[in-house]
2 protein chains.
Amino acid sequence: MTARFELLATAGPARAGRLSLPHGVVETPAFMPVGTHGAVRGLHPDEVRRTGAQIILGNTYHLHLRPGEDTVAALGGIHRFMHWERPILTDSGGFQVFSLEGLRTISEEGVTFTSHVDGGLRNITPEKATEIQWTLGSDIAMQFDHVVPGAAPYELAEEGMERSLRWLERCARRHEELQTIRPSDHQTVQSLWPIVQGGTHSDLRRRSLDGILARGDWSGVAIGGLSVGEPKPVMHRVLEELEPHMPAGAPRYLMGVGFPADLLEGIARGVDLFDCVAATRNGRHGTAWLPGGRMNVRKASNRLSDAPLDPECDCETCTTFSRGYLRHLFVVEEILGLRLVSLHNIRFLVRLGEEARRRILDGTFESWQREWLARHYHGETA
Amino acid sequence: MTARFELLATAGPARAGRLSLPHGVVETPAFMPVGTHGAVRGLHPDEVRRTGAQIILGNTYHLHLRPGEDTVAALGGIHRFMHWERPILTDSGGFQVFSLEGLRTISEEGVTFTSHVDGGLRNITPEKATEIQWTLGSDIAMQFDHVVPGAAPYELAEEGMERSLRWLERCARRHEELQTIRPSDHQTVQSLWPIVQGGTHSDLRRRSLDGILARGDWSGVAIGGLSVGEPKPVMHRVLEELEPHMPAGAPRYLMGVGFPADLLEGIARGVDLFDCVAATRNGRHGTAWLPGGRMNVRKASNRLSDAPLDPECDCETCTTFSRGYLRHLFVVEEILGLRLVSLHNIRFLVRLGEEARRRILDGTFESWQREWLARHYHGETA
């Protein structure tokens with residue numbers, strides 16, 4: 001079994017589904033916490049599991065550099081290595097290497113870049129990215145794509161989009177070969193997903209999607225190159241324009257998104273999967289997400305507060321510790337603090353996915369979603 | 001109920017006992033993890049609980065400065081504040097303020113010092129130290145003592161020892177008053193324990209102990225001013241000379257000790273309780289304690305090792321993660337690593353106490369202890 005998706009209900013473009021993968025089931029819509037270095041930053045995999053997260057993302061770029069995919073394979077593959085036996089999706093490293101502005105050279109063959117770890121020169125091609133992910137042993141591998149900046153002009157966006165289509169073919173060819181020549185114990189049957197590119201240009205996005213669908217029958221389709229600096233309404237427009245043409249029977253994954261409101265705006269536009277480091281990055285810096293907008297845990301008014309961080313939350317942080325204690329932990333720089341707020345933020349996004357799903361299934365999604373966003377935006381701008 | 005101690009068995013000077021406190025029972029000998037800022041560094045209280053620790057230590061000096069004892073009291077007292085409902089012992093802050101060399105002035109009244117947090121001038125007296133601990137609400141409060149350096153000459157050690165006796169009287173007086181005038185919900189009946197001082201000088205140590213015993217009937221007696229730079233054989237001699245004169249019916253607490261071998265050497269000399277930051281400090285820096293001596297988790301030979309850190313250990317780290325994964329976490333500076341090794345080190349000391357206790361109870365302590373120490377010292381010097 002590679003990946004099987006059942007669409008259970010819809011509410012306008014919003015969808016509730018079930019994605020079955022070699023390591024388990026993901027009920028969608030769903031947020032995927034990011035485990036950059038083979039760990040969701042600051043957290044124990046058991047804690048991540050208890051947030052209700054059903055799938056996490058691993059970063060191919062980082063794991064390739066340290067500890068290296070062969071080390072991960074020698075230690076039993078990515079799931080066993082990091083003690084996460086549920087599904088794992090790996091990105092292709094494309095986003096990271098294209099972000100190394102000034103430290104990388106792009107050609108049709110691939111990308112040559114300078115490692116941020118040891119300054120050594122490295123090379124990633126579509127074939128190599130596919131091999132690394134195969135060796136890691138994730139449930140879902142992403143194609144290696146040519147990522148362009150959010151505000152990329154038409155010609156550059158077109159070049160990246162066209163190249164991404166050619167690279168998709170190379171990834172798919174290598175992926176197919178690997179299935180037969182290099183099976184091993186921890187390597188379950190892996191899915192390869194394509195990535196829609198094209199910047200903010202409607203016709204390029206459409207050509208990208210059409211090109212992808214013409215090149216195969218994919219068990220999932222990702223949308224890349226968004227939430228990289230363009231205004232939110234532009235991201236929403238791109239999603240809205242793509243939505244009617246995306247295959248209904250495959251999950252849609254909006255890469256690198258997002259913040260709480262982004263998640264719900266994406267779900268309302270037909271997205272099923274999300275990933276973003278903001279939950280843990282904000283948590284590390286003491287910013288907690290609440291239904292009524294974010295809160296700096298350090299704020300003075302928390303000093304004597306016996307209230308939970310988020311009275312509406314069921315996470316282990318909110319049901320156990322007071323705001324006063326959490327504030328204290330950040331003031332004295334005790335790392336338990338960043339861990340507890342990261343955990344809350346992840347549960348916040350996982351729970352948002354869970355509730356959206358419930359609302360889609362019971363037919364109350366649209367009004368709930370409008371009210372939730374109104375309250376949240378009101379708090380964020382207050 | 002304040003503190004009740006039952007002596008269950010002995011093996012030479014070594015003792016197995018049971019200390020009953022308002023928040024629960026402590027089976028001795030036992031190691032107390034240190035929760036400097038209201039948290040055992042890097043760990044969640046649930047994790048500390050699962051190491052088997054039955055009591056932890058809180059630092060009065062640090063909690064007084066941040067968040068302040070009144071804040072802790074307003075948030076329900078130290079146990080509720082930090083979500084640790086088992087017993088807590090607080091030190092008096094004496095060790096910390098006397099360590100502020102050049103930043104403090106000692107007088108008979110108390111110590112004036114410069115806060116390391118805000119540079120403000122602060123004052124701690126025996127009465128004040130007692131009040132702070134009372135307000136925090138620990139199960140056991142320590143007397144405020146005059147701590148001298150490990151290599152202190154006779155006159156200085158004598159001065160500190162004599163002053164500590166006078167300060168003990170003032171602590172006890174204030175402690176008695178507080179029991180009647182400032183009870184509150186979270187303040188259980190607290191015990192006050194004296195501290196034997198006198199440096200490395202046998203007659204001073206003896207005079208200190210006699211002076212303490214002449215001044216009251218204590219539910220526990222601490223030995224301070226050791227493991228502060230003097231050679232290990234000197235510490236052992238001081239313990240051996242004191243042991244026959246310590247009251248058999250009260251637990252003996254060796255402050256600030258120790259490393260694994262120190263724990264066992266202390267148990268063999270009649271000590272019941274220990275505390276030390278070394279378990280978490282070493283853990284944070286990637287040093288794991290093993291029966292055969294310490295190990296730097298980062299060492300290259302761990303890279304491909306699927307073995308547990310310590311094959312003889314039952315802690316959550318050793319039963320879950322490989323050496324290869326732990327090494328990787330330290331290499332990429334992922335904080336899960338320091339947490340997992342800190343947790344192992346704490347479990348290592350807790351388990352050492354548990355096994356010593358079992359051996360004392362079943363009559364095999366002496367030979368086991370000799371073999372354990374021989375193996376450990378051999379590994380440490382290898």
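This is a predicted model: local features need pLDDT of at least 70, side-chain atom pairs count only at pLDDT 80 or more; totals for chains, interfaces and linings use all residues.
The size of an interface is often given as the accessible area lost when the parts come together. Here chain A and chain B bury about 3,200 Å² between them, and carbon and sulfur atoms account for 59% of that area. On the side of chain A, the residues that lose the most area to chain B are A:Leu75, A:Tyr325 and A:Arg339; together they make up 16% of what that side buries. The contact draws on 38 residues from chain A and 39 residues from chain B.

Several helices of chain A take part, since the elements that give two or more residues to the side touching chain B are α1 (45-50), α3 (69-74), α4 (77-81), α12 (323-331) and α13 (336-362). Of these elements, α12(A) gives the most, with five residues. Sorted by class, that side of chain A has 19 nonpolar, 11 polar and eight charged residues.

Side chains of opposite charge can pair when their charged atoms come close. Six salt bridges are counted between chain A and chain B. A:Arg339, already listed for the area it loses to chain B, forms a salt bridge with B:Glu47, and the closest N and O atoms of this pair are 3.0 Å apart. Over all chains, the count comes to 70 salt bridges. Within chain A, A:Arg351 and A:Asp314 meet through their side chains in a salt bridge, with an N to O distance of 3.8 Å. This pair links distant parts of the chain, 37 residues apart: A:Arg351 belongs to helix α13(A), whereas A:Asp314 sits in the loop between β18 (293-296) and α12 of chain A.

Turning to the strands, chain A has an open sheet of three strands in the order β1-β2-β3, with antiparallel pairing. Its edge strands are β1 (4-11) and β3 (24-28), each of which pairs on one side only. Neighbouring strands of this sheet are turned by 10° against each other on average, direction ignored. Strand β2(A), residues 14-21, is joined to β3(A) by five bridges, and A:Ser20 stands opposite A:Val25 in β3(A). Helix α13(A) packs on the sheet and touches β1, β2 and β3 of chain A; the direction of α13(A) makes about 115° with that of β2(A).

Chain B also has an open sheet of three strands, with the order β1-β2-β3 and antiparallel pairing. Its edge strands are β1 (4-11) and β3 of chain B. Five bridges pair strand β2(B), residues 14-21, with β3(B) in the antiparallel sense, and B:Leu21 stands opposite B:Gly24 in β3(B). Helix α13(B), residues 336-362, lies across β1, β2 and β3 of chain B and runs at about 115° to β2(B).

Back in chain A, helix α13(A) also meets helix α14(A), residues 365-381: their axes come within 8 Å and cross at roughly 145°. From α13(A), the contact is made by A:Phe348, A:Leu352, A:Glu355, A:Ala356, A:Arg359 and A:Ile360, while α14(A) supplies A:Phe365, A:Trp368 and A:Trp372. By class, this contact has seven nonpolar, no polar and two charged residues.

Another strand pair in chain A is β9(A), residues 111-114, and β10(A), residues 121-124, which run antiparallel and are joined by four bridges. A:Phe113 stands opposite A:Arg122 in β10(A). The two strands form a hairpin with six residues between them, and A:Gly119 in the turn has a positive phi of about 75°.

A few backbone details complete the picture. A cis peptide bond joins A:Val257 and A:Gly258, with omega about 20°; A:Gly258 lies in the loop between β15 (252-254) and α10 (260-268) of chain A. In chain B, the peptide bond from B:Thr28 to B:Pro29 is cis, with omega near 0°, and B:Pro29 is found in the loop between β3 (24-28) and β4 (30-32). Finally, A:His83, a residue other than glycine, has a positive phi near 60° and is placed in the loop between α4 and β7 (88-90) of chain A.

Definitions and conventions
Residues are numbered from 1 along each chain as its sequence is written. Chains are lettered from A and ligands numbered from 1 in the order in which they are written. Side-chain values use heavy atoms; hydrogens and water are left out. Contact means heavy atoms within 4.5 Å. Buried area is the accessible area (1.4 Å probe) that two parts lose on being put together, summed over both. A salt bridge is a side-chain nitrogen of Lys or Arg within 4 Å of a carboxyl oxygen of Asp or Glu. Ala, Val, Leu, Ile, Met, Phe, Trp, Tyr, Cys and Pro count as nonpolar, Asp, Glu, Lys and Arg as charged, and the others, Gly among them, as polar. Two strands pair if DSSP finds at least two bridges between them. Axes are lines fitted to C-alpha atoms, for helices over the stretch in contact, and angles run from 0 to 180 degrees between N-to-C directions.
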